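The sequence and the model are shown first.

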Amino acid sequence: MAQAEAPTALSTPSIDPEEVEKFSRIAGEWWDPKSKFAPLHKFNPARLTYIRDILSRHFKTEGAEPLKGLKVLDIGCGGGLVSEPIARLGASVTGVDAAEANIKTALVHAEENGLSIDYRHGTAEQLLEDGGPEQFDVVLNLEVVEHVANPDQFLRNCARMVKPGGMMIVGSINRTPRAFATAIFGAEYVLGWLPRGTHRFSKLVKPMEVRAALKAEGLTVMEPVGVSYNPLKDVFFITSDSGVNYLMGSVKPATS
């Protein structure tokens with residue numbers, strides 16, 4: 001994911017009728033499992049299962065809409081590949097992305113599918129400053145931290161937007177030799193799953209670094225889980241091995 005130039009202010013873009021067709025075509029590409037976004041489609045089921053299960057356990061919910069009533073922030077939402085399934089699970093979703101084209105694409109696709117999602121063009125920092133801090137039951141921070149200028153401050157800013165008793169889930173790539181070999185060299189240079197240069201090894205963030213930033217804001221951080229790839233079945237799955245891709249849940253203590 002190329003880092004977009006930061007917008008000057010948080011905004012909710014509107015779609016001009018003449019733009020609908022253009023962004024509908026882009027949405028078609030985002031949501032096509034055989035497009036350049038195919039790796040995200042392969043990756044999505046595993047991380048969505050983890051998100052649903054950990055949130056259901058924490059908030060003690062169940063049923064077809066286990067996230068009903070929860071206010072969820074999806075930072076770096078892209079074209080909405082996580083925002084939409086989370087909304088279908090009953091949550092009230094706000095999606096934020098620094099790339100306006102992503103937000104317009106997500107808006108069009110959500111409208112085409114009858115989903116009401118509050119998409120905003122901007123950054124986490126702008127959301128924090130915009131009359132805030134606005135707080136959410138859940139903050140999803142997925143495949144973003146490795147693209148920001150100051151990961152520690154970014155994570156701490158996001159933590160401030162979690163309500164007492166709420167959760168933040170961070171997903172990223174570990175800074176290990178094996179991650180370089182598979183998630184960067186393998187995925188970008190051998191398999192061509194991602195454009196070359198999407199990730200820089202020096203900007204990858206270790207789970208212990210995520211933990212330190214979130215603990216500094218008073219969150220209790222769970223042990224990371226890994227997301228591994230089975231080439232024979234062409235699927236990703238949750239595992240205890242967090243040496244490459246990982247997901248981490250964290251909880252902000254409820255006020256007494």
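Valine 82 lies in the loop between E1 and H3; helices (H or I, at least four residues) and strands (E, at least two) are DSSP runs, numbered from the N terminus. The model is predicted, so that local features need pLDDT of at least 70 and side-chain atom pairs count only at pLDDT 80 or more, while totals for chains, interfaces and linings use all residues. Residues are numbered from 1 along each chain as its sequence is written, and side-chain values use heavy atoms, with hydrogens and water left out.

With a relative accessibility of 5%, valine 82 counts as buried (buried means under 20% relative accessible area, exposed over 50%, partly exposed in between, with a 1.4 Å probe and protein chains only). Not counting residues up to four places away in sequence, valine 82 touches Asn44, Arg47, Leu48, Asp74, Leu140 and Leu142; contact means heavy atoms within 4.5 Å.

**The chain as a whole**

The secondary structure comes to 8 helices and 9 strands. Of the 256 residues in the chain, 52% are buried. Among contacts between residues at least 6 apart in sequence, 69% join residues at least 24 apart. The accessible surface is about 12,100 Å², and carbon and sulfur atoms account for 53% of that surface. These areas come from the Shrake-Rupley method with a 1.4 Å probe; for residues, only the protein chains shown count as cover.

**Cores**

A nonpolar core is a set of buried Ala, Val, Leu, Ile, Met, Phe, Trp, Tyr and Cys residues joined through side-chain atoms within 4.5 Å. The largest such core has 34 residues, and those with the most contacts inside it are Ile51, Leu55, Val72, Ile86, Tyr119, Leu140 and Ile169. Two or more residues each are given to this core by H2, helix H3 (83-88), helix H4 (100-112), E4, E5, strand E7 (225-230) and strand E9 (245-251). H2 supplies the largest share, 7 residues. A second, separate core has 28 residues, including Leu73, Val139, Val205 and Leu214.

Serine 56 is placed in helix H2 (residues 38-59). Serine 56 counts as buried at 14% relative accessibility. A polar atom of its side chain lies 2.8 Å from the backbone oxygen of arginine 52. Beyond its neighbours within four places in sequence, serine 56 is in contact with Thr61 and Pro66.

In helix H6 (residues 151-159), the buried residues are Phe154, Leu155, Asn157, Cys158 and Ala159. Their cover includes strand E1 (71-75), helix H5 (124-129), strand E4 (136-142), strand E5 (162-173) and helix H8 (207-216).

**Aromatic rings**

The structure holds 3 aromatic pairs. Rings of Phe, Tyr and Trp (its six-membered ring) pair if their centres lie within 6.5 Å; planes under 30 degrees apart count as stacked, over 60 as edge-to-face and the rest as tilted. Two of the pairs are described here.

The rings of phenylalanine 180 and phenylalanine 201 have centres 5.8 Å apart and planes at 85 degrees, so this pair is edge-to-face. The pair links distant parts of the chain, 21 residues apart: phenylalanine 180 is in helix H7 (residues 177-190) and phenylalanine 201 in the loop between H7 and H8. Phenylalanine 180 also has a C-alpha separation of 8.2 Å from valine 244, 64 residues away along the chain.

The other pair, tyrosine 229 and phenylalanine 236, is tilted, at 4.9 Å centre to centre and 45 degrees between the planes. Phe43, Tyr229 and Phe236 form one aromatic cluster.

| Residue | Relative accessible area | Class |
|---|---|---|
| Phenylalanine 180 | 40% | partly exposed |
| Phenylalanine 201 | 31% | partly exposed |
| Tyrosine 229 | 28% | partly exposed |
| Phenylalanine 236 | 14% | buried |

A ring also faces a charge: the charged end of lysine 71 sits over the ring of phenylalanine 136, 5.0 Å from its centre. For this, NZ of Lys or CZ of Arg must be within 6 Å of the ring centre and within 35 degrees of the ring normal.

Terms used. Polar contact = N/O pair within 3.5 Å; in protein donor to acceptor, adjacent residues only side chain to side chain.
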